[in-house]
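Hello,

I am handing a structure over to you, and I hope you enjoy looking through it.

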Amino acid sequence: QHSSCRIERFLQQCNTSPGAYDSDNVNMNVVFPTTPAQYYHLLRRQQVRNFRKPLIVVGPKGLLRLSEAVSSLEEMSPGTHFKPVLSDPNVLSTGAVTDGILCSGKHYYALDRHRREKGIKNCVIIRIESLCPFPAGGLREEISKFPSVQSWTWSQEEPENMGAWSYLYPRFVRQTGT
């Protein structure tokens, strides 16, 4: 969906429970890929599966033209796959990180640009690429790499009553303890 996507409307239609862990048994997949490799793997997975399920890909046109949104051929080579959670490629030392931001979609690139312009070194930005099914295990694993972070913040472009926040908040609290 490229035009005025109301991602919260798609998420409200998912048959998931905030207290239960999602599996592949959800009625649809809602994803927000941020790299060409992620997009490639989603489309490939959709065709290779032996069953059909709606795949909602939230992808603004601006992300298609964004020069920072690139992938190498190695990221699309055999043995690679879609990653529901993407770690921050710009954080080299996990011990120096004190602030954590969780986000999805092209908003990552705005946050990363701001971090570079201000010279902020103590902040990690983790991207949640799969919103439904919610990747609780992958997110817990990624968060555990940064034990010095006191609190995690969700950041999105949309107002609080729009976007993925109302869907994700109870899942963050109940499934990841953040």
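The largest pocket is lined by 20 residues, and those nearest its centre are Thr 35, Val 70, Glu 75, Leu 86 and Arg 127. A pocket here is an open set of points on a 1 Å grid over the protein atoms alone, with protein on both sides within 12 Å along at least five of seven lines, and a lining residue has an atom within 4 Å of a point. The volume of this pocket is about 380 Å³, where volume is the space filled by probe spheres set on the points, with grid points joined across faces, edges and corners. Helix H2 (36-48) and H4 are the elements that give two or more residues to the lining, and H4 gives the most, with 4 residues. Helices (H or I, at least four residues) and strands (E, at least two) are DSSP runs, numbered from the N terminus. By class, the lining has 7 nonpolar, 7 polar and 6 charged residues.

Please keep in mind that this is a predicted model, in which local features need pLDDT of at least 70 and side-chain atom pairs count only at pLDDT 80 or more, while totals for chains, interfaces and linings use all residues. Residues are numbered from 1 along each chain as its sequence is written, and side-chain values use heavy atoms, leaving out hydrogens and water.

Now to the sheet. Four strands make an open sheet with mixed pairing, in the order E3-E5-E4-E7; two strands pair if DSSP finds at least two bridges between them. Strand E3 (85-86) and strand E7 (151-154) are at the edges with a single partner strand each, so one side of each has no neighbour in the sheet. Helix H5 (residues 136-144) packs on the sheet and touches E3, E4, E5 and E7, contact being heavy atoms within 4.5 Å.

Let us go through the pairs:
- E3 and E5 run antiparallel, joined by 2 bridges, and Leu 86 has Arg 127 as its bridge partner in E5.
- E4 (residues 99-103) and E5 (residues 123-128) run parallel, with 5 bridges between them; Leu 102 has Ile 126 as its partner.
- E4 and E7 pair in the parallel sense over 4 bridges, and the partner of Ile 101 in E7 is Thr 153.

How many residues of E5 are buried? The count is 6 of its 6 residues, with buried meaning under 20% relative accessible area, exposed over 50% and partly exposed in between (1.4 Å probe, protein chains only).

Finally, look at Lys 106, which sits in the loop between E4 and helix H4 (107-118). Lys 106 counts as partly exposed because its relative accessibility is 28%. Beyond its neighbours within four places in sequence, Lys 106 is in contact with Phe 32, Thr 34, Pro 60, Leu 63 and Glu 157.

Best wishes

Note on methods
Axes fitted to C-alpha atoms, helices over the stretch in contact; angles between N-to-C directions. 1 Å grid on protein atoms, 1.4 Å probe; cavity = no way out; pocket = protein on both sides within 12 Å on 5 of 7 lines; lining within 4 Å. Nonpolar A, V, L, I, M, F, W, Y, C, P; charged D, E, K, R; others polar.
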